Amino acid sequence: MKFVLDFLAGFYYLCCPERTYQIYIMTTPTSSYFSSRATVRNFKPEAPSRELLREIAQQAMRAPTTGNMQLYSAVVTTDPERLTILRGAHFNQPASMAPVLITICADVRRFERWCELSNAAPAFRNLQGLMAAILDASLFAQQFTVIAEMQGLGTCWLGTTTYNAPEIAEALNLPKGVVPIGTLAIGYPQERPAQCERLPLDALWHEEEYPEHSDEEILTLFKAKDEFAPNRKFVEENGKQTLAQVFTDVRYPRSTSDPFSAKFADFLRAQGFEL
Ligand SMILES: Cc1cc2nc3c(=O)[nH]c(=O)nc-3n(C[C@H](O)[C@H](O)[C@H](O)COP(=O)(O)O)c2cc1C
């Protein structure tokens, strides 16, 4: 593939040298991957092999990590009985039916134990330690996602992991110091999903200082989201007046987000974190 692209780029250079680099970038799998990627929620039944997943993990492990401590673990589940338990913890949502679920964990335990065995006194069971481990785990998960998707696999991140963390921890035998922070549902895509909208770059990319957006500017930044046809359909189907109300009243209402937050905070303390 690389050879073909190099050849095409070389040919194009002869015709139009000043644009060659741009065209080359545009035709690399990397750029086409990023401009076309989308979350997959509908998977073929056959699971990607453990060898393939290990290979991807081996590469993903090169992700940056706090102090090179690698404060994370990933637990792969393909066993049908365990999948049933995990799917229940994810409310049996469609993406949880993937043939493989990989639970991504913030993990200070392994490093801490090494410290203890090396006559060193670790101090990771606090907010800074937890943050470092969550960041390490997230960066690994994202790198894993990119590599897996570039190889033709589909993925969906399941945020419901932190809603039912105690149940997931029990199903996976997670010890103290280890906290599941997300789950990658992974498999071969049944279909190519449509891409959803994004905010314009200027909503989140700021030069030098954080801007003070006027109310009008905020509404303009969210215009594309408000007007995106599938979002308008959500508003209508849920009998709401605005898209924001779908988020606040239907998807993430206080009535569920407060109790799930309290449950997760209790779980973090039970896992030995002093917050
Ligand atoms: C932290 C996090 C939690 C998510 N939780 C879920 C989930 O529970 N179920 C789901 O179907 N998708 C979930 N997603 C996927 C998002 O809905 C998806 O990334 C977003 O709508 C943008 O779509 P795209 O990835 O296709 O661009 C989650 C993504 C993230 C980053």
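Tutor: The protein chain has 13 helices and four strands, in a model that is predicted. What would you like to ask about them?

Student: What percentage of the residues in the protein chain is buried?
Tutor: The cut-off for buried is 20 or more other C-beta atoms within 10 Å of a residue's own. Of the 275 residues in the protein chain, the share that counts as buried is 23%.

Student: Among contacts between residues at least 6 apart in sequence, what share joins residues at least 24 apart?
Tutor: The contacts in question are those in the protein chain whose two residues are at least 6 apart in sequence. Among these, the share that joins residues at least 24 apart is 76%.

Student: Which residue in E2 is the bridge partner of tyrosine 72?
Tutor: Valine 75 has threonine 103 as its bridge partner in E2. For tyrosine 72, the bridge partner in E2 is alanine 106.

Student: Which residues of E4 stand opposite cysteine 105, isoleucine 102 and cysteine 156?
Tutor: Cysteine 105 has proline 180 as its bridge partner in E4, while isoleucine 102 stands opposite leucine 184. Cysteine 156, in turn, stands opposite a residue of E4, and that residue is alanine 185.

Student: How many residues of E2 and of E4 are buried?
Tutor: From E2, Val100, Ile102, Ile104 and Ala106 point one way and Leu101, Thr103, Cys105 and Asp107 the other way, and all are buried. That makes E2 mostly covered, with eight of its eight residues buried. Strand E4 (residues 178–187) is also mostly covered, and its count of buried residues is nine of ten.

Student: Which element supplies the largest share of the largest nonpolar core?
Tutor: This core has 42 residues, of which Cys105, Ala106 and Ala137 touch the most other members. Helix H4 (50–60), H5, E2, helix H7 (127–150), E3, H8 and E4 each supply at least two residues of the core. The largest share, eight residues, comes from H7.

Student: Which residues does alanine 137 contact, leaving aside its neighbours within four places in sequence?
Tutor: Alanine 137 is among the core residues that touch the most other members. With neighbours within four places in sequence left aside, its contacts are Tyr72, Ile104, Cys105, Ala106 and Ile181.

Student: Why does histidine 90 count as buried, whereas isoleucine 85 is partly exposed?
Tutor: Histidine 90 lies in the loop between H5 and E2, and isoleucine 85 lies in helix H5 (residues 80–89). Histidine 90 counts as buried because it has 22 C-beta neighbours inside 10 Å, and 20 or more is the cut-off. Isoleucine 85 has 15 other C-beta atoms within 10 Å, so isoleucine 85 is partly exposed.

Student: Which residues does histidine 90 touch, not counting residues up to four places away in sequence?
Tutor: The C-alpha atoms of histidine 90 and glutamate 167, 77 residues apart along the chain, are separated by 10.0 Å. With residues up to four places away in sequence not counted, histidine 90 touches Ser96, Leu158, Thr160 and Thr183.

Student: Which strand gives the most to the shell around the ligand?
Tutor: The residues around the ligand include Cys156, Trp157 and Leu158, and the shell divides into six nonpolar, five polar and one charged. With three residues, the strand that gives the most to this shell is E3 (residues 154–158).

Definitions and conventions
Residues numbered from 1 in each chain as written. Predicted model: local features only at pLDDT ≥ 70, side-chain atom pairs only at ≥ 80, totals over all residues. Near = placed C-beta within 6 Å. Nonpolar A, V, L, I, M, F, W, Y, C, P; charged D, E, K, R; others polar. Buried ≥ 20, exposed ≤ 12 C-beta atoms within 10 Å, placed from the backbone. Contact = placed C-beta atoms within 7 Å. Pairing = 2+ DSSP bridges. Core = buried A, V, L, I, M, F, W, Y, C linked by C-beta atoms within 7 Å.
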